[in-house]
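Please read the points below beside the sequence and the model. They are meant for someone who is meeting this structure for the first time.

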Amino acid sequence: MSSESMLSVLTEDLLVRINDNLSDNSDRKTWRLVCKEFLRVDSLTRKTLRVLRIEFLSALIRKYCNIDTLDLSVCPSIDDGMVSLLLSGESEGWPRWKVKSLNLSRATGLKFSGLEMLIRACPFLERLDVSYCCAFGDREAAAISGAGGLRELKMDKCLGVSDVGLAKIAVRCGRLERLSLKWCMEISDLGVDLLCKKCLELKYLDVSYLKVTSESLRSIASLPKLEVLAMVSCPLVDDLGVQFLENACPLLQEIDVSRCERLTSSSLISIIRGHSGLRQIRAAYCFSELSPALLHYLKDLKNMSSIIINGARVSDSIFMTMSRYCRPLAEIGLSKCIGVTNMGIIQLVSGCINLKIISLICCHSITDAAISAIADSCRNLVCLKLESCDMITEKGIEQLGSRCLLLEDLDLTDCSGIDDRALECLSRCSRLVCLKLGLCTNISDKGLFYIASNCSKLQELDLYRCTGIGDDGVAALSSGCKKLKKLNLSYCNNITDRGIKILGYLEELSDLELRGLGKITSVGLTAFAAKCGTLADLDLKHCWNIDDMGFCALAYYSRNLRQINLSYCNISDLALCMMMGNLTRLQDAKLVLLKNVTLMGFELALRACCVRIKKVKLDSALRYMLTEEMLGILHARGCTIRWD
């Protein structure tokens, strides 16, 4: 049967259903390339659009007419002028997009005027993310308030927004259900109070890192529908303030008071006493010890699924209580806790068999006995973090490999007892997506062969300073782990150009760290760049054997690069200017101690990228050598300069 006759049998409804079941981006791309009919169906059904170049925005919006989620966070050159040019050029007057969710995170070049125009173009907007737009202030907040239908707003690190700006949003966006104000340092109790009076629909509120006092908690206590409250590192909040929540916010399910240094166990008791339906408590690095009274009240939390108490002093009796009364527990965080022992973990998992996420980072007393108990009891384990648990050996990993077959995320960083035999056992966990083996100096290429042979779903692998890894191990990864997106090979000094060339066969690789690889040259880097077109983040710090030929190859082939580290590299004025000019999506560059680059070279390179660069790291000496005009241009565009 011909392809045309086959397509005639497939109705549009059937094609739409097939398209909806394609969850992988690469599969969707292949689908679109099959024929015009498949491309048309994709255009009609696509709901999400991530734009890499702002000049194509209008055409893409017209092509994908049913888009409801628009992501402009990776557009490097979005600013007021570009937005005005695009929107005023619409043939049918001022545009009215159907977009309900708009992501403008890190759009540092955007100011009041452009933001106002975008809000006006999206009359159905319900979700907006302007996080890390550090220069945003009250004028931009006023523009945001024009989206009266907003239900979700994320404003993390909008450093200029004060109580005045928040008041404008609160008054005009009364339907808000989710609001994040993390690091909005100018907001005080006054702004939070008005917010809580006007936005009574709030279900999620994040006031982390704000200089609010307990008076803000008095205001927050008036929110009748609040389910999630995050207040990380609020140094002025004390136990008295938390008591306001005890008989308030009846629907509260999750609370995060991590790093609130003035809180004690009494604050958690107040929260628990009034909210028996709590599902998640995060109190990392909050108090030094869990009191016996707190353990008594833990018995009332029948639905508790997550407890994070990183940094606290614990004992075996605490784990015995949790094991008896917190059986639904799915996640526990014990990183850097003092007093974690094998016996305590054995007692914990004997009752909490539903645990899926366990963090034991820097619990140095843990041995294979605890790992064996976890593997035996927690058969649904998905994530296990064991960084710096250096008493674990292949015996414990063997138990994980044979019993925890659902494991997806495993951190073994700085576990000196891990060797090739351990990786052979671990390879039975075929669902692994993220594996961290940094500083595991006893593994070699042989161990990577085992992982590559059976862990085909692996997307992230960290081999930082695994000095036994060489080209053969990289070759095994390239053939067996085709879905790798993030790979750290920093200071794996045995890797040469042959290994780097082979990495080019990883078609989905987006994040690569090659720091300190002295044996790779421009030959290997050129071959890699020519094959790997998906690369977005590259670290070449201390790769001193790469010369201009390799950097020019990157400038020519790696057009998707958004972050690059060239510190301590032997790059010249010409190659640096070519890279900063050609890489039109570059947003973050680290350019420290480039000894072959002159002052004029830095000036020209920064001019070539000043319309799109968002962060740049330079030698501190250049602070007084670069022209005021150049620095002024960068600051005006919202670029953050870090001086080293």
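This is a predicted model: local features need pLDDT of at least 70, side-chain atom pairs count only at pLDDT 80 or more; totals for chains, interfaces and linings use all residues.

1. Residues are numbered from 1 along each chain as its sequence is written, and side-chain values use heavy atoms, with hydrogens and water left out.

2. The structure holds three cavities of 30 Å³ or more. A cavity here is a set of points, on a 1 Å grid over the protein atoms alone, where a 1.4 Å probe fits but cannot get out, and its lining residues have an atom within 4 Å of a point; a volume is the space filled by probe spheres set on the points, which are joined across faces, edges and corners.

3. The largest cavity has a volume of about 70 Å³, and its lining consists of Leu268, Ile272, Ile281, Leu290, Leu294, Leu298, Ile307, Ile309 and Met322. The elements that give two or more residues to this lining are α13 (265-274) and α14 (292-298), where helices (H or I, at least four residues) and strands (E, at least two) are DSSP runs numbered from the N terminus. By class, the lining of the largest cavity has nine nonpolar residues, no polar and no charged ones, with Ala, Val, Leu, Ile, Met, Phe, Trp, Tyr, Cys and Pro counted as nonpolar, Asp, Glu, Lys and Arg as charged, and the others, Gly among them, as polar.

4. The second largest cavity, with a volume of about 60 Å³, has a lining that divides into six nonpolar, three polar and three charged residues. Among the residues that line this second cavity are Pro76, Ser77 and Ile78, as well as Arg612, Lys614 and Arg637.

5. A search of the whole structure finds 25 salt bridges, each being a side-chain nitrogen of Lys or Arg within 4 Å of a carboxyl oxygen of Asp or Glu. As background, side chains of opposite charge can pair when their charged atoms come close.

6. One of these salt bridges joins the side chains of Arg151 and Glu177 (3.0 Å, N to O). The pair links distant parts of the chain, 26 residues apart, with Arg151 in the loop between α8 (138-144) and β5 (152-154) and Glu177 in the loop between α9 (163-172) and β6 (178-180). Arg151 is partly exposed, at a relative accessible area of 28%, given that buried means under 20% relative accessible area, exposed over 50% and partly exposed in between (1.4 Å probe, protein chains only).

7. Which residues form salt bridges with Arg421? One is Glu398, whose side chain meets that of Arg421 at 3.7 Å, N to O; Arg421 lies in helix α19 (residues 420-426) and Glu398 in helix α18 (residues 394-403), so the pair ties together parts that are 23 residues apart in sequence. Another is Glu424, with the closest N and O atoms 3.3 Å apart, and here the two residues are three residues apart in helix α19, separated by about one helical turn. Arg421 is partly exposed at 36%, as are Glu398 at 28% and Glu424 at 30%.

8. Met625 lies in the loop between β23 (615-618) and α27 (628-636) and is partly exposed, with a relative accessible area of 45%.

9. Most residues other than glycine have a negative phi. Ser388, although not a glycine, has a positive phi of about 65°; this residue lies in the loop between β14 (383-385) and α18 and is buried, at 11% relative accessible area. Leu439 also has a positive phi of about 65° without being a glycine, but Leu439 is partly exposed at 31%, in the loop between β16 (434-436) and α20 (445-454).

Technical notes
On a 1 Å grid over the protein atoms alone, a cavity is a set of points where a 1.4 Å probe fits but cannot get out, and a pocket is an open set with protein on both sides within 12 Å along at least five of seven lines; lining residues have an atom within 4 Å of a point.
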